[in-house]
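Reader: I would like to go through the labels in this model and check each against its cut-off. Please give the value and the criterion together.

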Amino acid sequence: MPDFPLFPEQASTFAGPIDALYGVLIALSLIFGGILPFIILYLMVRYHRSQKADRRNQPEGSLPLELTWTIIPLVLVLGVFFWGAFLYIDIRTPPERNLEIYVIGKQWMWHAQHPNGKRENNELHVPINQPVKLVMTSQDVIHSFYIPAFRVKQDVLPGRYTTMWFEATQTGEYHLFCAEYCGTEHSRMVGRVVAMSLADYERWLTTPGEIILPDGSAGAGGGGSTLIPSIGDPMALAGAQLFTNLGCVGCHRDDGAGIGPSMVGLYGVETRMQDGSLVTADENYLRESILNPGAKIVAGYANVMPSYDGQLSEDQLNQLIAYIKSLSDSESASTRLSNAQIASVVADELK
Amino acid sequence: MATTALPSRGYLEDDTPTVWAWIKSWLFTVDHKRIAILYLLAINFYFLLGGLAASVVRIELITPQGDLLSSDLYNRAFTLHGIIMVFFFLIPGIPAVLGNFLIPLMVGARDMAFPRLNLFSWYLYMIGGIFALSAAVFGGVDTGWTFYTPFSSTYSNSNVILTIAGAFVMGFSSIATGVNFIVTTHTMRAPGLTWFRLPLFVWSSYATSLIIVLATPVVGITLLLVAIERIWGVGIFDPALGGDPLLFQHLFWFYSHPAVYIMILPGFGVISELISTFSRKRIFGYEFIAFSSMAIAIIGFLVWGHHMFVSGQSVYAGLVFSFITMLVAIPSAIKVFNWTATLYKGSISYRTPMLYALGFIGLFVIGGLTGIFLGVVAIDIHVTDTYFVVAHFHYVMVGGTIMAYLGGIHFWWPKMTGRMYNEVWGGISALIIFVGFNMTFFPQFVLGYLGMPRRYHVYPQEFQVLHVLSSAGSTVLAIGFIIPLVYLTLSLWKGKLAGDNPWDATGLEWTVSSPPPAHNFDEIPVVTTEAYAYPPEAAERDAAAWRPGSPL
Amino acid sequence: MATTTTTQGSEVQGHEAHADHGHAGHGRELQHHFETAQQQKEAATLGMWVFLVTELMLFGGIFMAYAVYRWAFPDIWAEAAHHLNTPLGAVNTVVLLVSSLTVALAVNAAEEGRNKRLIRLLGVTMVLGVAFLGIKAYEYSEKFAHCAGYKTPFAWASGGAPLGETECLVPGRAFVFPEAHGTTAADAHNEVTPGQGSPYQLFYLLYFISTGLHAVHMLIGLSIVGMLTFMAARGVFTAAYSTPVEIGGLYWHLIDIIWVFLFPLFYLVH
Amino acid sequence: MAEHSNPIPGADGHAAASDHHSHGHIGRDTYYRVFAALMVLMVLTVGAWWVEGFMEIPRVLGVIVALAIASTKTVLIIYYFMHIKISNRVTQLYAVSAFIAFTILFVIVMGDYFARGWPPEIGPLP
Ligand code: HEA
Ligand code: HEA
Ligand code: CUA
Ligand SMILES: [Cu+2]
């Protein structure tokens with residue numbers, strides 16, 4: 001990196017458009033912030049008391065003038081607003097197909113989990129030319145995930161998910177900052193984002209690395225590479241394991257014959273609640289259903305599901321959600337194994 | 001009704017026999033002018049304290065490592081800086097000092113409508129200040145001035161409650177001032193002084209009071225809830241306890257955005273007075289300036305969410321807030337253009353207050369225009385919580401409000417004290433402040449766009465050059481702030497007598513003696529002219545009277 | 001004209017719109033800085049109204065929080081509200097409405113210069129105010145008694161009948177919301193909702209904060225009315241000078257208005 | 001500017017104020033009638049709540065009914081008991097200003113929450 005940059009690197013698809021808008025705003029500011037002082041300076045000198053000048057017929061006000069300098073700035077800012085608004089909608093609308101990475105912020109580190117279960121701390125490896133969607137939450141206070149070179153930032157809140165997406169365009173290492181003040185070591189909640197080619201990324205995914213859980217303990221083994229071909233998504237696999245271990249299967253049977261509704265095909269679909277409302281089963285809904293099942297009761301079922309609040313770490317919650325999501329994934333649905341099968345595979349793997 | 005009329009005794013004079021009686025005559029005064037002086041002393045003390053904290057922050061930031069302060073201390077330093085500067089300096093600043101002193105004089109009244117409430121508000125201010133100070137002394141606070149939950153309500157282990165108590169009490173002080181201004185403006189105006197004959201300073205103070213009255217209670221109760229959450233461990237804003245942190249942000253910014261207009265509107269009022277006086281002509285577009293103050297006060301209530309663009313609020317809300325933020329800039333633009341137009345065909349003199357006024361326009365325009373950058377959501381996503389924001393608000397708060405405050409203090413100094421200050425030093429320090437200010441804060445725009453997050457105590461190496469530049473600038477700035485302190489103080493003894501109207505200004509406050517008599521007016525004046533009623537030939541005469549050697 | 005420095009000494013006080021100020025003094029007093037009594041009265045009334053605006057916004061913050069959470073947890077709200085003592089709340093509402101009437105009549109009496117009637121009405125108002133606070137205190141202590149494990153505050157004081165189930169509706173670490181009755185059968189899983197982090201607690205938190213803040217305002221209101229009674233007894237008010245009664249009355253009505261909203265919002269939820 | 005541009009009559013300096021001593025007057029019987037109305041409304045609120053206990057009506061409706069009744073009571077109290085009926089325009093404006101400010105707060109905040117839903121999502125756009 002150069003030692004004295006004046007402009008940040010452009011390393012994502014957003015960087016160009018945002019910098020362009022920024023440039024326009026600077027130009028606009030130069031018109032007002034540059035010309036206006038010039039006019040003032042001119043008037044200051046021209047009409048300084050020591051200057052001979054015509055001071056008769058002073059105007060006291062003028063409606064046309066007032067309208068001019070009301071309407072012109074108004075039109076300009078509205079123009080800028082609409083430009084910015086469309087850009088904003090882009091920034092907030094991830095494309096359909098994307099690589100989903102879970103991010104957990106905690107005082108004072110970032111913890112990321114890739115789709116195959118590979119985890120990393122204070123680093124984020126992403127492929128370039130590939131939309132990446134981060135699904136983020138916090139374990140304690142509000143943080144903010146900020147990659148200046150990508151021009152993206154999103155607060156990370158405790159107790160819910162926020163998302164953010166970007167598409168890196170250049171390989172390289174970039175700053176990762178926590179931008180929302182979060183306590184003592186806020187300024188050390190930094191890391192780096194490594195953008196690499198897709199091939200490198202895939203290779204990186206399969207290299208085993210030590211897993212450090214958010215609570216600081218080291219988990220076992222690498223990215224579970226051997227399982228990927230046979231089962232697919234180890235994140236979901238871990239979730240499946242939990243689903244069995246926590247006894248969810250007891251009520252949520254895939255055939256729908258349990259006390260609770262089946263999880264198959266649940267994610268992303270609208271479900272009818274007892275009070276008649278329709279709720280889309282997204283991450284937040286799933287999360288709420290697990291932590292606070294009584295909040296929304298599915299029509300036709302009783303409010304008997306216990307709350308798992310306080311019994312699951314954010315990690316485990318993410319895994320459960322990934323598992324439930326995998327049950328709706330149309331592609332994987334055909335190759336999907338039943339709960340029991342997964343459990344047995346897991347059991348084998350753990351031996 | 002008492003009859004001891006001592007018409008020409010200045011409000012500063014005393015016939016108190018003992019020191020104790022003298023102290024009492026100040027501490028129990030209900031005279032709005034004395035209360036203004038009490039405020040002046042207290043507020044300037046807090047400014048120095050806040051400045052000291054800023055200096056500590058700037059020194060620490062010279063190097064990218066955290067070598068001077070621990071991260072804990074650094075967090076406490078900028079929090080102290082922010083809280084003191086916002087709650088104890090800038091919000092009460094112009095209203096409580098200049099407003100208290102001038103509003104009754106300007107509307108031709110003998111005092112505020114509620115003089116004892118006025119004194120009470122000073123005591124509230126002092127009590128609030130003592131809370132905040134003791135919080136700092138007993139270990140400080142590290143939440144940032146925004147008190148975001150759940151950090152402030154659950155995680156921080158610093159003196160949050162004490163500080164909140166300070167801000168809460170201070171809030172009621174500013175409510176008291178606001179109520180007083182509103183009622184005074186409505187009921188105490190001299191005969192003939194219609195709304196459209198009021199000086200623009202009164203208009204803008206009125207708009208300010210409106211915001212104070214409507215918004216301050218909300219932040220009061222919000223902070224109270226945070227304190228309750230902390231004390232009893234019950235959650236309104238902490239998701240772990242069942243609440244929603246965004247609700248806090250909504251409630252906080254519902255006050256704190258309008259609060260930035262509490263800070264700037266009185267400044268607008270001062271600038272209107274200065275520009276007109278030192279151009280020796282009527283202000284251009286009086287009604288537009290007056291109504292734009294009210295427009296800012298009202299529209300200002302609709303934009304608070306622009307502080308929450310990346311907080312997780314809905315996309316719709318983001319778009320709406322962004323849109324209205326664009327609108328709120330327009331009234332400010334109207335003001336700036338009208339001030340500029342006032343200069344045209346005037347007879348401009350570069351007296352110290354005018355230098356501050358011109359500096360104000362330049363800096364406020366930069367600050368305001370970068371506010372537009374921030375209001376455009378797409379840009380804000382990148383620059384929010386970076387030094388770009390820091391630079392923006394220092395340009396409007398320091399470059400705007402403090403310039404106006406200093407300009408106003410210089411302008412009315414002869415009225416308040418009866419003496420003139422040293423004009424040469426005045427000009428010099430205004431220049432130093434202008435240069436130092438730009439040196440300090442302009443690099444921060446660049447830093448911010450590069451991605452330097454705010455509230456960072458250690459930072460990547462490549463930002464150092466700009467940080468050093470900024471710190472160097474802040475030294476210059478500090479010098480610029482200390483010089484007026486010196487010559488203004490000296491002028492109390494050394495300054496030459498000012499006379500009733502040293503600037504040849506219009507306005508009722510200039511018709512009474514300097515310093516004004518204790519009860520302001522012997523006879524309540526009857527107003528028959530508009531504000532800024534300079535005769536059409538005033539500028540011409542003034543220019544004609546200029547000889548080499550008379551003041552610039 | 002008095003000079004300001006003498007004002008704080010021997011001079012008698014007129015009135016002040018702010019509730020925190022004393023009202024000692026006698027005779028109708030025109031403060032030195034006002035020109036006419038009419039002006040003084042207008043200032044006082046407007047001042048009080050502006051102050052009431054800030055009071056409303058103070059409660060506005062709480063109402064906002066209430067709105068958000070009620071919208072978020074409608075069922076929980078309904079269930080939680082059933083544990084409040086609605087009859088007592090209703091009685092209290094009536095008590096306050098009656099006191100509003102007596103205050104309005106008192107202002108009327110003051111305007112007409114009927115001092116005896118004024119004192120009587122103010123007295124009745126105070127009795128009603130105290131009754132309101134008494135009932136409120138009983139409601140509160142009932143909740144605290146439940147936390148301590150007793151059915152009623154009296155049982156608590158005398159060590160009497162214990163409460164059958166665990167219930168503690170006072171927000172804090174001990175908060176326990178009793179098992180929902182009437183919902184589907186013996187569900188072993190649906191344990192008692194613990195204190196921390198349940199929206200039930202949010203309901204009670206908001207309930208205690210808003211009624212508590214309201215009770216504080218009641219206390220201030222009572223002392224204002226007390227002060228007015230005292231002044232009336234000293235014969236301060238005449239048909240021509242009754243502004244303090246009027247603005248004191250405004251404050252009392254405000255307290256009433258706030259309760260008018262608190263009652264349906266907390267006690268009448270389905 | 002000429003005097004006639006004064007937008008707020010009756011609140012002008014005391015010169016103007018003194019023309020305005022005799023505001024209206026509210027008689028005692030009015031107070032009694034208002035009180036009776038308040039009592040009726042009181043019964044209505046509790047009654048509505050009681051009825052809602054048996055009837056299945058949308059929850060929102062119940063809230064609206066309760067708030068409408070409370071607002072009516074408030075208007076009665078403010079208008080008659082608090083003399084807004086016979087106050088000057090400025091006082092009347094201030095009396096409504098708090099409600100306007102609260103409405104702004106309420107509409108915008110609830111708007112944001114509606115758009116996000118509960119549990120809150122980032123926004124309506126995925
Ligand atoms: C005195 C205080 C003050 C003032 C007056 C302003 C004025 C404005 N502010 Fe500022 N602001 C703050 C103090 C202030 N601000 C503070 C303290 C913060 C940070 C809080 C924190 O997080 O700690 C902040 C943060 C802040 C943000 C949030 C940034 C973030 O955290 O992400 C935004 C976003 O929209 C913003 C916008 C604006 C706008 C649009 C104006 C407008 O009112 C400006 C209008 C003025 C002009 C536009 C200039 C004059 C006009 C012309 C010369 C004509 C030409 C104009 C056009 C063509 C438009 N401000
Ligand atoms: C009115 C408001 C105001 C004013 C005047 C200032 C003035 C200054 N501010 Fe301030 N600032 C804020 C309001 C203000 N600031 C706010 C609200 C924040 C956000 C806080 C937060 O994040 O929570 C902030 C944050 C902030 C930061 C960012 C910290 C961070 O995010 O990490 C920085 C860094 O450069 C800074 C610098 C300065 C400087 C150099 C000045 C200079 O202008 C100061 C110049 C004055 C002096 C130097 C005093 C001179 C006198 C002496 C030094 C004499 C010694 C003293 C005695 C004898 C008692 N400020
Ligand atoms: Cu995490 Cu700042
Ligand atoms: Cu703002």
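Author: R76(B) and D72(B) both sit in helix α3 (residues 71-107) of chain B, four residues apart, about one turn of the helix. Helices here are DSSP runs (H or I, at least four residues), numbered from the N terminus.

Reader: What makes the contact between the side chains of R76(B) and D72(B) a salt bridge?

Author: A salt bridge requires a side-chain nitrogen of Lys or Arg within 4 Å of a carboxyl oxygen of Asp or Glu. For R76(B) and D72(B) the N to O distance is 3.5 Å, so the pair qualifies.

Reader: Why does R76(B) count as buried, and why does D72(B) count as partly exposed?

Author: Buried means under 20% relative accessible area, exposed means over 50%, and partly exposed lies in between (1.4 Å probe, protein chains only). R76(B) has 16% relative accessibility and therefore counts as buried. D72(B), at 27%, therefore counts as partly exposed.

Reader: Where do these numbers come from?

Author: This is a predicted model, in which local features need pLDDT of at least 70 and side-chain atom pairs count only at pLDDT 80 or more, while totals for chains, interfaces and linings use all residues. Residues are numbered from 1 along each chain as its sequence is written, chains are lettered from A and ligands numbered from 1 in the order in which they are written, and side-chain values use heavy atoms, with hydrogens and water left out.

Reader: Which residue forms a salt bridge with D385(B)?

Author: The partner is R454(B), with the closest N and O atoms 4.0 Å apart. This pair links distant parts of the chain, 69 residues apart: D385(B) is in the loop between α12 (377-383) and α13 of chain B, and R454(B) is in the loop between α14 (423-450) and α15 of chain B. D385(B) and R454(B) are both buried.

Reader: How far apart are the closest N and O atoms of E246(C) and K41(C)?

Author: They are 3.6 Å apart, and the pair forms a salt bridge. E246(C) lies in helix α8 (residues 243-267) of chain C and K41(C) in helix α2 (residues 37-72) of chain C, so the bridge ties together parts that are 205 residues apart in sequence. E246(C) is at 10% relative accessibility and therefore buried, whereas K41(C), at 31%, is partly exposed. Over all chains, the structure holds 23 salt bridges.

Reader: Which residue is the only protein donor of the iron atom of ligand 1?

Author: H392(B), through NE2 at 2.2 Å, is the only protein donor. H392(B) belongs to helix α13 (residues 387-417) of chain B. The iron atom of ligand 1 and the copper ion (ligand 4) are 4.4 Å apart.

Note on methods
Donors = N, O, S within 2.8 Å, 3.2 Å for Na, K, Ca; no water. Helix = DSSP H or I, 4+ residues; strand = E, 2+ residues; numbered from the N terminus.
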